[in-house]
Amino acid sequence: MSSSAIRALRILEAVGEAERPPGATEIARTLKSTPGTVFRGLDALLRFGLIARYQASAHYVLGPTADRLRHSLIAQFRVREVALPYLRQIASLSGETTSLYVKLGWYALRIASVPGTNEITNAPPLGEAHPLGQGYPGNAILAFLPSSEISAYRAWAKRHALKSQVSSAMLKEIAKQSYAFGQPEFAGASAVSLSIRSAESAVASLAIEGPVFDGSRPAFENLRTWREIADKIESVLRAQPALGLNPFGHIDPNAIAL
């Protein structure tokens, strides 16, 4: 790959990872490059639709071509279509946005999301990814990986100096109960993610992305209902294992950077 192509990809990565739409100077500072070099890379990315100007300003966001590539990747996970009806059911029952995450490399990738029915809910973006051990959706997947894969993930996380990793004791607890909790939010209530398993290994997790569990008896009853719905997804995957296959499972996880 040519040096100019590598620079363009790094610029694209910087735009995609920025917390707010960055300008050329900010990108140059992030990449330790010159504004002139960054401007040339931005111009090439604009021509191919990989980035776009944010509200006609001098700041940039991912463009329509990047969105199409993202949706093309997501569509390859057949478990998405299996899970969508059940996501809608849980979103209706819980009132909160409900999402589906899958393992891609050492990340949990959001591939589907159904908005909740409550007056105030979040709208998380598709394609967002986080290291498996740094969030409840990923923890619900990580807990069901073979011990050798968990060790390989921890080695990868250590090389990347990732902090706040889930403990082995917590993973054992998640595997025992088949769900993981997020950090407590309003009135001490937590979001929750349910493991979706196939052949004893988690292929996905179904996350209710709002404060729905407070430890009370009604909350446990709701959790039991949601788990029963998630079990229906697992029943489909047991009957048709091909639907749960990871289309990128043959790629070395250490080679995937999101």
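Colleague: Which residue's side chain makes a polar contact with the side chain of Glu-209?

Modeller: This is a predicted model: local features need pLDDT of at least 70, side-chain atom pairs count only at pLDDT 80 or more, and totals for chains, interfaces and linings use all residues. Residues are numbered from 1 along each chain as its sequence is written, and side-chain values use heavy atoms, leaving out hydrogens and water. A polar contact is a pair of N or O atoms within 3.5 Å; within protein, one must be able to donate a hydrogen and the other to accept it, and residues adjacent in sequence count only if both atoms are side-chain atoms. For Glu-209, the side-chain partner at 2.5 Å is Ser-99.

Colleague: Is Glu-209 buried or exposed?

Modeller: Glu-209 lies in strand β8 (strands are DSSP runs of E, at least two residues; helices are runs of H or I, at least four; both are numbered from the N terminus). Buried means under 20% relative accessible area, exposed over 50%, and partly exposed in between, with a 1.4 Å probe and protein chains only. Glu-209 has 11% relative accessibility, so the residue counts as buried.

Colleague: The side chain of Ser-195 reaches which backbone oxygen?

Modeller: Ser-195 sits in strand β7. Its relative accessibility is 0%, so Ser-195 is buried. Contact means heavy atoms within 4.5 Å, and beyond four places in sequence Ser-195 has contacts including Phe-144, Tyr-179, Arg-227 and Glu-234. At 2.7 Å, its side chain reaches the backbone oxygen of Ala-140.

Colleague: How many salt bridges are there?

Modeller: A salt bridge is a side-chain nitrogen of Lys or Arg within 4 Å of a carboxyl oxygen of Asp or Glu. One of them joins Asp-43 to Arg-47. By this rule, the number of salt bridges is 9.

Colleague: How far apart are the closest N and O atoms of Asp-43 and Arg-47?

Modeller: Both residues belong to helix α3 (residues 35-47), 4 residues apart, so about one helical turn separates them. Asp-43 is partly exposed at 39% relative accessibility, whereas Arg-47 is exposed at 59%. The closest N and O atoms are apart by 2.5 Å.

Colleague: Which residues are linked with Asp-231 in a network of salt bridges?

Modeller: Asp-231 meets Arg-227 at 3.0 Å, N to O; the two are 4 residues apart in helix α9, so about one helical turn lies between them. Asp-231 also pairs with Arg-197 at 4.0 Å. Linked with Asp-231 in the network are Arg-197, Arg-227 and Glu-234.

Colleague: What covers the buried residues of α5?

Modeller: The buried residues include Val-79, Leu-84, Tyr-86 and Ile-90. Just after the helix, Gly-95 takes a positive phi of about 80 degrees. The cover includes β3 (98-104), β4 (107-114), β8 (201-213) and α9.
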